[in-house]
Every structure is written in C-alpha cells, then in structure tokens.
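Thanks for coming, everyone. Let's get the model up on the screen and walk through it.

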Amino acid sequence: MSIEVRELTKSYNQQKALDAISFTTGSNHIIGFLGPNGAGKSTTMKILTGIIPIEQGSCSINGLDIQENPLSTKRSIGYLPESNPLYSDMYVQEILHFEARLHNLPNSTQRVQEVIAMTGLQAEQHKRIAQLSKGFKQRVGLALAIIHDPEVLILDEPTTGLDPNQIIEIRTLIQQLSTNKTVFLSTHIMQEVEVLCQEIIIIHKGQIKDHFLSVDREDKYPGLHMEDIFVKLTNP
Ligand SMILES: Nc1ncnc2c1ncn2[C@@H]1O[C@H](COP(=O)(O)OP(=O)(O)OP(=O)(O)O)[C@@H](O)[C@H]1O
C-alpha cells in the first residue's frame, strides 16, 4: 500500500509546522522519514493516522482519501506513537485483549497469542506493563499496532531511548513485521536507516528536502553516508 501526501499544510497558532508537503511512497517499502527535532515528522504521522484533522491538502492510503474514507483507511493503519502511551496497571495479555476488542476482531484469543509470539512477549505476557523494561514496553506498543494486521505501519521513533541491544532487537522485529507491509518510520539513528529503509524522505522546517530510494543514494550523493546527507540537507 502506498502513502500519498499532497500539499499538506498545518499550523499551530501562527507557526507553520508543515508547509505544503507532498510525497508518494512505494508499496511494501520501509520508508525512513527523517528530519531534525521540530521538523514536522510527528505532525505528519498524526495527520496520516487521523489524530490531527487535515487543515489544507490531502492524504491517501493506497489511493483512498483519508478524509473521505476515515474508517477503512484507519483500519489499514497500525500506529506506534512517539510516547508509546500504555496503561501501566494493565497486564500485557489484558491490554492486547482490550485492543483486540476495540478492533472487533473475531478470533481475538488466537490473535492475541499470535502477536505475543510475533513480538517475543511470551515470557512477559502475565506481567503488568509497569514491570516491563523499556524495550519490552516497545514490543507491547508494536504488538498493539499490528494486532489488526494493518497493511501500513506508522512508527514514530520506535527505538528512541533503548540500549544498543534493545535497539537491535526492535530493529530486527520491525524487519520481521514489515513483510507485506508499508512501514513509515521516523528515527534519528542514521545507521538504522541504512540497515532498514528502502526509501528515504528528509523533512526540515516543514518542507521536504529530498526523497529518494536507498539504491539510488550512491549515485545521488557519491561517497556520503546518511549522516552526511542529513547534515547537508538540514544544517542551515
Ligand atoms: N500541539 C502543538 N502545539 C503547538 N506547537 C506544536 C504542537 N505540536 C507540535 N508543535 C510544533 O510543530 C513543529 C513540528 O513538531 P513535530 O512534533 O511534528 O516535529 P518532529 O519532527 O516530530 O520533532 P521531534 O524529532 O522532536 O519529535 C515544532 O516546532 C513543534 O514545536
């Protein structure tokens, strides 16, 4: 499924967070959505997921406009917000059953066990969220995002704040979960982009600075690593 954003603009009071951005992603790619703090990444993601209403412009998921088809497009999206808000008093299994009920899933017991296995939460499933390490909380956030088997995953800085071992574990998990999905991922870890992403979009001050396929990177920016490209495009 592709993600299409056309002339999307969003202001908070007087400040323009997104200035008529447009892009169309490939299908079943992992897309790295990169930019400095405050560039507009989370705002774009919140608009795509329907959390923030569209002010100007439009967005489509696989050709379906999200304003004209709010329910069906939301059904096709799984979202892990930057803050990964979880009910800390709930048990892992309990929060997953709760989410499955919200999605009206027919075989929720079976599906909860499937996502527990997919995200490596077997040993933690009877623990309270508050008792989990940050890496395992991220796994719960990912399990919640994929429970309805969405074709698009929107992940806002999924590895931020994790130790190097947990970063590798979550990265591997994202790679495993991304089969037959379009994954739209923001991160500040450039090494992550080089390992994970087939497509890269760089945003700065609410404007798209570049959008390219990873395979074209060397032709476009000979000899430059992702970090060099990021600095070149976003350092005033
Ligand atoms: N609710 C809000 N009210 C006012 N301003 C906001 C709000 N949310 C975001 N902004 C502003 O909009 C701009 C874009 O913010 P956004 O969170 O989209 O950036 P980001 O690229 O996700 O940054 P980060 O990498 O720090 O998460 C920033 O200047 C931010 O301060």
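One term before we start: two residues are in contact if their C-beta atoms, placed from the backbone, lie within 7 Å. Now the ground rules. This is a predicted model, where local features need pLDDT of at least 70, side-chain atom pairs count only at pLDDT 80 or more, and totals for chains, interfaces and linings use all residues. Residues are numbered from 1 along each chain as its sequence is written.

Helices (H or I, at least four residues) and strands (E, at least two) are DSSP runs, numbered from the N terminus. Two strands pair if DSSP finds at least two bridges between them. Axes are lines fitted to C-alpha atoms, for helices over the stretch in contact, and angles run from 0 to 180 degrees between N-to-C directions.

Start with the six-stranded sheet. It is open, with mixed pairing, in the order E6-E7-E8-E3-E9-E10. At its edges sit E6 (77-80) and E10 (207-213), each pairing on one side only. Ignoring direction, neighbouring strands here are turned by 15° against each other on average. Look at E3 (residues 30-34) and E8 (residues 182-186): four bridges, parallel sense. Phe-33 has Ser-186 in E8 as its bridge partner.

What lies across this sheet? Helix H9 (residues 226-234) lies across E3, E9 and E10, at about 30° to E9. Helix H1 lies across E3, E7 (152-156), E8 and E9 (199-204), and runs at about 145° to E7.

For the classes, Ala, Val, Leu, Ile, Met, Phe, Trp, Tyr, Cys and Pro count as nonpolar, Asp, Glu, Lys and Arg as charged, and the others, Gly among them, as polar.

Next, the other sheet. Four strands, open, antiparallel, in the order E2-E1-E4-E5. The edges are E2 (15-24) and E5 (64-65), each pairing on one side only. Six bridges join E1 (residues 3-12) to E2, antiparallel. Leu-8 has Ile-21 in E2 as its bridge partner. The E1-E2 hairpin has two residues between the strands, and Asn-13 takes a positive phi near 55° there. E4 (residues 56-61) is joined to E5 by two bridges, again antiparallel. Ile-61 stands opposite Leu-64 in E5.

Last, two helix pairs. The axes of H5 (residues 134-146) and H6 (residues 164-177) come within 10 Å and cross at roughly 15°. H5 and H6 are therefore roughly parallel to each other. Angles under 35 degrees count as roughly parallel, over 145 as roughly antiparallel, 65 to 115 as roughly perpendicular and the rest as oblique. Their contact has five nonpolar, three polar and three charged residues.

Now H3 (residues 92-102) and H4 (residues 108-118). Their axes come within 10 Å too, but cross at roughly 125°. That makes H3 oblique to H4. By class, this contact has five nonpolar, three polar and two charged residues. On the H3 side are Gln-93, Leu-96, His-97, Ala-100 and Arg-101, meeting Ser-108, Arg-111, Val-112, Val-115 and Ile-116 in H4.
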